[in-house]
Amino acid sequence: MSRNAKINALLLLAVAALAVLPLVLGLGDHKEEPFAGADAEAETAITEIEPDYEPWFSPLYEPPSGEIESALFALQAALGAGVLAYYFGLRRGRRQGEERALTAATAAPRDTPGGD
């Protein structure tokens, strides 16, 4: 197994552990919504500290339901992943192209002018 394959396997294992461990360990079982987002947690904390707090701004667009909000979030994540994948693929392709050009340049026989 190559070094890169070992690193990729370890990273995959770490990501899987980060996803599964909170569920296995029961983290968040004491809460009504165990895995609520950071925005909801912050809103709860702010209203506990200052019940009369009024937000400075309101959202530009409020989705009509939680399902639509989740779908928009998933779409945003997919677009971001696509942009990152394109960027890293482009970099890798350019690097491979440069390596092929360098290999072809060094392997090609050189013409010597005036050798007749």
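**Ground rules.** I am reading a predicted model, where local features need pLDDT of at least 70 and side-chain atom pairs count only at pLDDT 80 or more, while totals for chains, interfaces and linings use all residues. I number residues from 1 along each chain as its sequence is written, and side-chain values use heavy atoms, with hydrogens and water left out.

**Confidence.** I noted a mean pLDDT of 87 for the chain, with 91% of its residues reaching 70 or more; pLDDT is the predictor's confidence in each residue, from 0 to 100. Confidence is highest in helix α3 (residues 66–107), at a mean of 93, and lowest in helix α2 (residues 38–49), at 86. A reminder to myself: where pLDDT is low, the predicted coordinates should not be read in detail.

**Fold.** I found 3 helices and 0 strands, in the order α-α-α along the sequence. Helices (H or I, at least four residues) and strands (E, at least two) are DSSP runs, numbered from the N terminus.

**Overall form.** How does the radius of gyration of the chain compare with that of a compact globule of 116 residues? The chain has 27 Å, whereas such a globule would be near 13 Å. The radius is taken over C-alpha atoms, and the globule rule is 2.2 Å times the number of residues to the power 0.38. Along its principal axes, the C-alpha trace spans about 95 × 40 × 25 Å.

**Surface.** I see that buried residues make up 2% of the 116 in the chain. The chain exposes about 11100 Å², with carbon and sulfur atoms supplying 63% of it; areas come from the Shrake-Rupley method with a 1.4 Å probe.

**Aromatic rings.** I counted 1 aromatic pair. Y87 and F88 have ring centres 5.3 Å apart and planes at 65°, so this pair is edge-to-face. The rule for rings of Phe, Tyr and Trp (its six-membered ring) is centres within 6.5 Å, with planes under 30 degrees apart stacked, over 60 edge-to-face and the rest tilted. Y87 is partly exposed too, at 41%.

**Helix α2.** I then turned to T47, which is found in helix α2 and is partly exposed, with a relative accessible area of 43%. T47 and L18 are 29 residues apart in sequence and 30 Å apart in space, C-alpha to C-alpha.

Terms used: Buried < 20%, exposed > 50% of the residue type's maximum accessible area, 1.4 Å probe, protein only.
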